[in-house]
Structure formats: C-alpha cells, structure tokens
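Open the model in your viewer and keep the selection tool ready. We will go stop by stop.

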Amino acid sequence: MMHPWLVMCAIGLLTFMTRLSFIALLECWQAPAILRRALGFVPVTVLTAIIVPELVLHDGMLDLALTNPRLLAGGIAIIVSWKTKNVVWTIVTGMGALLLLQKIL
Amino acid sequence: MRTSDACREFLSGVKDELPILIGVIPFGMIYGVLALGAGLSPGEAQAMSAIVFAGSAQFMTVQLAGIGAPAILTILTGFVINLRHALYSGSIAPHMRQLNLKWKTLLAYLLTDEAYAVAIIHYQRESDNANKHWYFLGAGLALWVSWQTSTAVGIFMGAKVPPGWPLDFTLPLTFIALVVPALKNRASILAAIAAGFTSVLAAGLPYKLGLLSAALVGILVGLWSEEK
C-alpha cells in the first residue's frame with residue numbers, strides 16, 4: 001500500500017470525527033422532535049440494509065431461488081431469533097444451516 | 001451507591017456484547033490474514049485495527065491496497081463507507097448530553113456497528129439510568145479488545161483459515177439476532193421492510209451509498225407509518 005501510515009491515520013481521524021459529530025454538536029443544540037423520531041429508526045433500517053443484500057445478492061445478482069443457501073439459512077436464523085430472542089442460538093443455527101445447505105444444494 | 005451502579009452497568013454491557021463477539025472474532029481474523037496478503041507489515045495491520053477500528057473500512061483499505069490504488073482514493077472511500085456512523089452518532093447523541101467531553105470522545109471512538117447496536121437497545125429501554133454510559137463503555141471495550149486480539153490471531157495464523165468456511169456469514173447473522181427482537185411495532189417493521197427493499201434496489205451504488213439511501217427510505221416510511 002502507498003503511504004500506509006498516512007492512509008490509516010487519515011481514515012481513522014475522519015471516522016472518529018464522523019462518530020463524534022452529533023455527540024459533540026448536540027451539547028449546544030436540541031434536535032427537533034421530528035429528527036429525534038427519525039433517528040429512532042436508525043438501528044432497524046441500517047442493520048436491515050446490511051443484512052438483506054448479504055442474503056439475496058450473489059455476485060451482485062439477485063438470487064431469490066430456494067437453492068440459494070444464504071437466503072434459506074438467513075430465513076432460518078430470522079425464525080430462530082424471532083422465537084428465542086437469543087443471539088448465540090441465532091448465530092449458531094444460522095451458521096450450521098448454511099454449512100449443511102452448502103453441502104446439500 | 002454510585003460506584004456499584006456504574007460497575008453493574010459496565011459488566012452488563014460486557015455481558016450483552018459477548019454473544020456478538022462470536023460474529024466479530026472471525027472477521028478480525030480474516031482481516032489480519034488479508035492485510036498481510038495485501039502487503040502490510042504485521043505492525044501496520046495491527047495498528048490499523050486500533051486507529052481505524054471499523055471492519056468494513058479496513059477490509060476495503062486492504063483490498064484497494066492490494067490493487068495499488070492511490071492514497072487519496074483509499075482515504076475518500078474509507079470516509080464514505082464510515083459515513084453511516086454519523087447516523088449512529090445522531091441517534092445516540094441525545095443520551096449523551098450530560099457527559100463531559102472526555103467521555104464523549106472515548107465513547108465516540110468506540111462507536112462501531114456492533115457496540116452501537118447493543119447500546120442503543122439498552123438506552124431505549126433504560127433512558128433514565130444515570131450510569132448507562134458505563135454500559136456503553138463495557139460493550140465498546142469488550143468489542144475493542146476482541147477486535148485487537150482477533151486481528152493479532154489472524155496475523156499470526158497467516159493464510160491458515162480453511163477456505164471452504166463461509167465465516168463472512170456471521171456478519172448478517174449477528175445483525176439478524178439484533179434486529180428481529182427490535183421489530184416491535186408496525187412502524188419499525190415497515191421501516192425495516194422498506195430499507196431492505198431499497199438496499200437491494202440500490203445495491204449497485206458504490207461505497208455503501210446504497211446503505212445510506214436504504215436507511216433514509218426506511219426512516220421516511222417509519223415516520224409516515226407513525227403519523228397514520
């Protein structure tokens with residue numbers, strides 16, 4: 001990599017400033033109610049937008065077939081999470097399902 | 001007792017972060033392996049985990065390094081990939097108003113996807129707890145220690161991760177385990193569905209901009225659904 005220390009320090013600093021932005025700003029500024037309500041939706045929307053492409057996209061192509069092992073394993077994990085609300089169970093069954101389905105399909 | 005309350009919150013944060021680490025540790029190891037493969041020295045690879053402390057940006061940096069991309073392009077890409085942290089910052093900021101700058105700086109450094117996801121659920125449930133920042137510190141430090149350690153393990157292991165193992169799948173699984181229990185009402189379910197659809201439609205956009213637009217569409221749908 002060209003200038004590795006420069007690159008990592010620059011990204012590190014920019015990332016830190018991004019993370020600090022609203023936390024530092026909000027000291028002197030009260031966010032309007034609509035913005036606070038909007039920010040309440042951040043966890044479910046951002047995380048769902050990370051999850052879904054991982055399950056249904058395969059090399060950038062949409063794959064909704066029942067032979068897509070990641071879609072099936074993800075579906076199983078969603079059911080397990082919904083029924084148990086347990087993080088370990090969700091990850092373990094999802095991973096086990098994927099390993100199994102990759103062998104079968 | 002103030003101290004024991006803080007201590008209890010801290011430990012409870014560590015405890016709630018532990019299951020998430022199952023998904024994080026394989027990622028740290030894969031990052032360590034890839035970083036060496038891209039030509040970084042062990043010291044540089046480890047330093048990046050401490051300085052940048054953001055998995056997807058580190059993966060991208062290593063990939064761009066592997067193809068010899070110019071430094072400025074790598075820096076800009078890393079910045080855009082991490083823009084989603086501004087959303088986290090805004091969402092957690094109202095809970096941090098009373099903290100001093102030292103705490104804010106420390107917690108901002110620890111504000112990763114996985115620490116945020118665990119902390120915000122706790123914050124929304126216990127918004128009146130005066131010691132809830134200790135919970136965040138516990139969750140964040142647990143993640144930080146395992147990210148540094150798993151990076152080191154990856155560096156030492158070199159390329160010995162079995163190639164057939166789909167360890168990257170632990171990422172969506174971890175987030176499924178966090179999101180599904182948080183879908184408690186119609187507005188949050190509709191917001192998640194809208195974000196999921198948009199994330200696929202916008203998947204062609206570079207540098208996680210699809211992710212940002214999906215979040216925005218999801219938020220708008222959630223707000224609209226609350227109004228009705």
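Which residues of helix 3 of chain B are buried? Select B:Ala57, B:Gln58, B:Met60, B:Thr61, B:Val62, B:Leu64 and B:Ala65. Buried means that 20 or more other C-beta atoms, placed from the backbone, lie within 10 Å of the residue's own. Helices here are DSSP runs (H or I, at least four residues), numbered from the N terminus.

A word on the model: it is predicted, with local features needing pLDDT of at least 70 and side-chain atom pairs pLDDT 80 or more, while totals for chains, interfaces and linings use all residues. Residues count from 1 along each chain as its sequence is written, and chains are lettered from A in the order in which they are written.

Now show all of helix 3 of chain B, residues 55–66. Its twelve residues reach 17 Å from first C-alpha to last, close to the expected 16 Å (1.5 Å times one less than the number of residues). Step just past this helix to B:Gly68, where phi is positive, about 70°.

Next, colour chain B by domain: domain 1 is 2–164 and domain 2 is 183–228. These bounds come from an automatic or database assignment. The two C-alpha centres lie 24 Å apart. Six residues of domain 1 of chain B contact five of domain 2 of chain B (C-beta atoms, placed from the backbone, within 7 Å). On the domain 1 side, helix 4 (71–81) and helix 5 (84–92) of chain B each give two or more residues. Helix 4 of chain B gives the largest share, three residues.

Last, select the contact between the chains: 60 residues from chain A and 76 from chain B. Helix 1 of chain A brings the largest share of the chain A side, 18 residues.

Conventions
Two residues are in contact if their C-beta atoms, placed from the backbone, lie within 7 Å. A residue is buried if 20 or more other C-beta atoms lie within 10 Å of its own, exposed if 12 or fewer, and partly exposed in between; C-beta atoms are placed from the backbone.
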